[in-house]
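Here are my notes on the structure you sent. They are set out as numbered points, to be read beside the sequence and the model.

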Amino acid sequence: MPANVIVVLAGRDELAEREWAPLRALVVDVPLDVFTEAETRSLLATRGVTAPEAVEAVLHLSMGLPLLVDLLAHTRPGTAAEVDAGGDVVDAAVERFLQWITDPSQREAVLTGALAPRLNEDVFTAVAPQEAGGLWEWLCGQPFVSGHGGFKQYHAVVRASMLRQQRTHAPQRWASAHLRLADAHAAWRTTAEHSLSEEKRWGDHRWLRHRLDETYHRLCARPASELEPALEEAVQAAGRGPAVLRQWIDALEQATFDTADAALRSWTDRLQRALTETDPVLACLTALLAHGRLNAPTRAWCHTYRGRRL
């Protein structure tokens with residue numbers, strides 16, 4: 001063949017090293033990432049979607065995933081409400097993600113695994129149905145699951161689509177699964193407390209991780225009733241300094257995105273703005289005192305931590 005021939009292969013997985021070893025020096029890998037904002041806007045314009053609020057809603061919902069951008073664009077939305085109502089589009093996207101998985105227990109394992117932002121075998125076992133037992137290694141091999149070491153994560157857009165589908169189609173099942181995960185993290189946190197004095201808990205990364213994940217899952221299950229306890233814990237997080245406070249607010253933000261709860265979004269936005277101030281801890285404590293319905297002991301701690309910052 002002529003020396004300037006280029007052969008292009010596209011697929012979900014990397015080329016097998018052993019089979020391609022003789023030609024590896026001639027191969028260039030080109031990973032395909034999500035669309036940039038400009039690329040998303042360009043595709044939408046090509047499909048005739050130009051209304052500013054509809055474009056912004058597609059940007060938010062699709063997170064740049066080409067498949068989801070294209071599916072939403074084909075619905076020709078003219079308003080943000082039409083994009084948000086696109087449950088059929090999200091269902092179609094989830095079906096595309098799962099189209100190679102035909103075994104019902106494997107499908108169930110994928111969907112339940114998506115509920116946890118950080119996933120390891122213990123977390124998976126806590127939430128997976130009994131028939132999905134033994135599928136952890138298989139799940140880790142799926143193309144939308146990545147991560148090294150102790151924890152795995154789903155691709156952000158794949159996970160967001162699966163969560164939206166489960167939250168809207170089966171809200172009771174959604175809440176029950178999140179409560180199971182919250183209870184599992186609470187049990188692991190209690191175990192960690194046996195070797196920690198109370199003043200050292202917030203500085204222990206294992207204890208803090210379980211506390212954060214427990215709060216995230218309780219907010220996903222019952223955002224209305226769990227918001228106040230989460231804000232009370234935010235006071236304690238602020239008392240431990242900016243780094244811990246940021247982790248706490250990140251957990252609230254993740255729950256906000258995954259539940260689309262308006263009250264939770266309002267508080268997350270308020271605390272995120274406080275993080276941009278010169279003293280984020282002081283600003284967050286002030287916001288919690290001014291707007292939060294804190295119980296008396298928590299208000300006392302809030303004044304104490306705020307006084308120390310001042």
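1. A residue is called buried when its relative accessible area is under 20%, and exposed when that value is over 50%. Cys284, at 0% relative accessibility, therefore counts as buried. The model is a predicted one, and the values below are computed from it.

2. Overall content. The chain has 310 residues, of which 46% are buried. Its secondary structure comes to 17 helices and 2 strands. The C-alpha trace spans about 80 × 50 × 40 Å along its principal axes. Of the contacts between residues at least 6 apart in sequence, 62% join residues at least 24 apart.

3. Cysteines. How many disulfides does the structure hold? The count is 0. For Cys284, the nearest cysteine sulfur is that of Cys302, at 9.9 Å. A disulfide requires two cysteine sulfur atoms within 2.5 Å, so Cys284 is in none. Cys220 is buried because its relative accessible area, 3%, is under the 20% limit.

4. Nonpolar core. The largest nonpolar core has 90 residues. Tyr154, Met162 and Leu288 have the most contacts inside this core. With residues up to four places away in sequence not counted, Tyr154 touches Met162 and Arg159, and also Leu139, Phe144 and Val145.

5. Gln166. This residue lies in helix α10. Is Gln166 buried or exposed? Its relative accessibility is 16%, under the 20% limit, so Gln166 counts as buried. Neighbours within four places in sequence aside, Gln166 is in contact with Leu111, Thr112, Ala114 and Leu115, as well as with Pro171 and Trp174.

6. Leu43. Helix α2, residues 37-46, contains Leu43. The relative accessible area of Leu43 is 18%, so this residue is buried under the 20% limit. Beyond its neighbours within four places in sequence, Leu43 is in contact with Phe35, Val69, Asp70 and Ala73. Pro66 is 23 residues from Leu43 along the chain, and their C-alpha atoms are separated by 9.2 Å.

7. Largest pocket. Its volume is about 2000 Å³. The lining consists of 38 residues, and those closest to the pocket centre are Ala10, Gly11, Arg12, Asp13 and Val30. Which elements give two or more residues to this lining? They are α4 (66-74), α6 (87-97) and β1 (145-146). By residue class, the lining of the largest pocket divides into 26 nonpolar, 6 polar and 6 charged.

8. Second largest pocket. This one has a volume of about 490 Å³. Of its 23 lining residues, Pro117, Asp250, Ala251, Glu253 and Gln254 are the closest to the centre. Two or more lining residues come from each of α10 (156-169), α12 (205-221), α14 (242-259) and α15 (262-275). The largest contribution to this lining is that of α14, with 8 residues. The lining of the second largest pocket comprises 10 nonpolar, 5 polar and 8 charged residues.

Conventions:
Residues are numbered from 1 along each chain as its sequence is written. This is a predicted model: local features need pLDDT of at least 70, side-chain atom pairs count only at pLDDT 80 or more; totals for chains, interfaces and linings use all residues. Side-chain values use heavy atoms; hydrogens and water are left out. On a 1 Å grid over the protein atoms alone, a cavity is a set of points where a 1.4 Å probe fits but cannot get out, and a pocket is an open set with protein on both sides within 12 Å along at least five of seven lines; lining residues have an atom within 4 Å of a point. Grid points are joined across faces, edges and corners, and a volume is the space filled by probe spheres set on the points. Helices (H or I, at least four residues) and strands (E, at least two) are DSSP runs, numbered from the N terminus. Ala, Val, Leu, Ile, Met, Phe, Trp, Tyr, Cys and Pro count as nonpolar, Asp, Glu, Lys and Arg as charged, and the others, Gly among them, as polar. Buried means under 20% relative accessible area, exposed over 50%, partly exposed in between (1.4 Å probe, protein chains only). A nonpolar core is a set of buried Ala, Val, Leu, Ile, Met, Phe, Trp, Tyr and Cys residues joined through side-chain atoms within 4.5 Å. Contact means heavy atoms within 4.5 Å.
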